[in-house]
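Reader: I am new to reading protein models. Could you take me through one, feature by feature?
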Amino acid sequence: MAGINGISDGDVISALRRQMTIAAARQAASAGNLANVDTPGYKAVDVSFADTLDAQVATHPAHLGGATQTGVHAEEIQGADARRDGNTVVLDQELLKMSRAAGDFSAAQTALAAKFRLVRYAINEGR
Amino acid sequence: MSTLNNAISASASALSAERTRIEVAVSNMANAESTRSANGEPYRRRDVVLTSDPANSFDAAFGHASATGVKVASVVVDQSDFQRRYEPSHPDADADGFVALPNVDQSEEMVDMIGAARAYQANLAAISMIRDLVAKALELGRS
């Protein structure tokens, strides 16, 4: 099993998968904020990358590869300036966050595709 | 993937809510001079009330990352006073020669319409970004 894990690099793959999961969660959080840009009293939410990563890695060393998206939480942004209607969504910031999340996702996807290509290369005996 | 599906349905709900706002603003502008409506008095301007609507209440209940959609809670009728204009020749003028006109302010409606159009554009941009993400994820399955 160690040999297979060495080739497929389970830890790296699960880390990349986690990055994609978090990027998708941030994308969804920002999409929700954008949808509510004109809802009175709506408070913008955000997925904190560092907190989420810590929460997932800290559970147990053996869980590194088994962590799923259940640990991804969206929380209201504290201390944000509200408009007169109590809404804390900033339109351009949310679009920026979406672009950034798309970049993160794309980067992880590219790395993951490269990993899978290596595995396929090994399976096909280098052909 | 369900996260991204939620995000798309949240953005889609916003598109329809913003379109309702534009429709209401347009009908307010169209009726800016309507001195008679079905109940006999001049037209009263309408306002859209938006409220957030969890796209996936199951995820939201557990505090999981899930996009929050938006929906039109109600369309309320503005009860503020009518404008009055001196125009004795108008068929709806009162004894003093004043006509009661709808409580519609053109500039207010324009600002509302621009705001709604901007929000519509932003949500459209969000949908296309999420769609790119899904397409990118599906590329992993290609050999």
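Author: What follows goes from confidence to whole chains and then to single residues. Keep in mind that this model is predicted.

Reader: Where do I begin with a predicted model?

Author: Begin with confidence. The predictor gives the complex an ipTM of 0.80 and a pTM of 0.80. Then take each chain in turn. Chain B has an average pLDDT of 88, and 91% of its residues score at least 70. For chain A the average is 80, with 76% of the residues at 70 or above.

Reader: Which elements of chain A have the lowest and the highest mean pLDDT?

Author: Helix α1 (residues 2-8) of chain A has the lowest, with a mean of 58. Helix α4 (residues 91-123) of chain A has the highest, at 91.

Reader: Next, the fold. How many helices and strands does each chain have?

Author: Count the elements, then read their order. Chain A has four helices and two strands. From its N terminus, the order is α-α-β-α-β-α. Chain B has three helices and four strands. Its order from the N terminus is α-β-α-β-β-β-α.

Reader: Is chain B a compact globule, or more spread out?

Author: Compare its radius of gyration with the globule rule. Chain B has a radius of gyration of 22 Å, while the rule gives 15 Å for 143 residues, so the chain is more spread out than a compact globule. The box tells you about its outline. Along the principal axes, the C-alpha atoms of chain B fill roughly 80 × 30 × 20 Å.

Reader: What share of the contacts joins residues 24 or more positions apart?

Author: Take the contacts with a separation of 6 or more. In chain A, residues 24 or more positions apart account for 79% of them. In chain B, they account for 62%.

Reader: How far apart are the mean positions of the positive and negative charges in chain B?

Author: They are 7 Å apart. The chain has 13 positive and 19 negative charges.

Reader: Now single residues. Is M20(A) buried or exposed?

Author: Check the relative accessible area against the 20% cut-off. M20(A) is at 9%, so it counts as buried. This residue lies in helix α2 (residues 10-35) of chain A.

Reader: Which residues does M20(A) touch?

Author: Skip residues up to four places away in sequence. M20(A) then touches F105(A), A108(A), Q109(A) and L112(A), and also L140(B) in chain B. M20(A) and S106(A) are 86 residues apart along the chain, yet their C-alpha atoms are separated by 8.2 Å.

Reader: How far apart are the C-alpha atoms of E94(A) and D9(A)?

Author: They are separated by 34 Å, and the two residues are 85 positions apart along the chain. E94(A) sits in helix α4 of chain A. With a relative accessible area of 1%, E94(A) is buried. Beyond four places in sequence, its contacts are S30(A), N33(A), L34(A), A44(A) and V89(A).

Reader: Which contacts does N28(B) make?

Author: Leave aside neighbours within four places in sequence. N28(B) is in contact with Y43(B), R45(B), R46(B), V104(B) and E109(B). It belongs to helix α1 (residues 2-30) of chain B. N28(B) has a relative accessible area of 0%, so it is buried.

Reader: Where is I22(B), and what does it contact?

Author: I22(B) is also in helix α1 of chain B. Its relative accessible area is 24%, so I22(B) is partly exposed. Beyond four places in sequence, I22(B) contacts M113(B), A116(B) and A117(B).

Note on methods:
Residues numbered from 1 in each chain as written. Chains lettered and ligands numbered in written order. Predicted model: local features only at pLDDT ≥ 70, side-chain atom pairs only at ≥ 80, totals over all residues. Heavy atoms only, no water. Rg over C-alpha atoms; globule rule 2.2 N^0.38 Å. Contact = heavy atoms within 4.5 Å. Lys, Arg positive; Asp, Glu negative; His and termini not counted. Charge placed at Lys NZ, Arg CZ, Asp CG, Glu CD. pLDDT = per-residue confidence, 0-100. Buried < 20%, exposed > 50% of the residue type's maximum accessible area, 1.4 Å probe, protein only.
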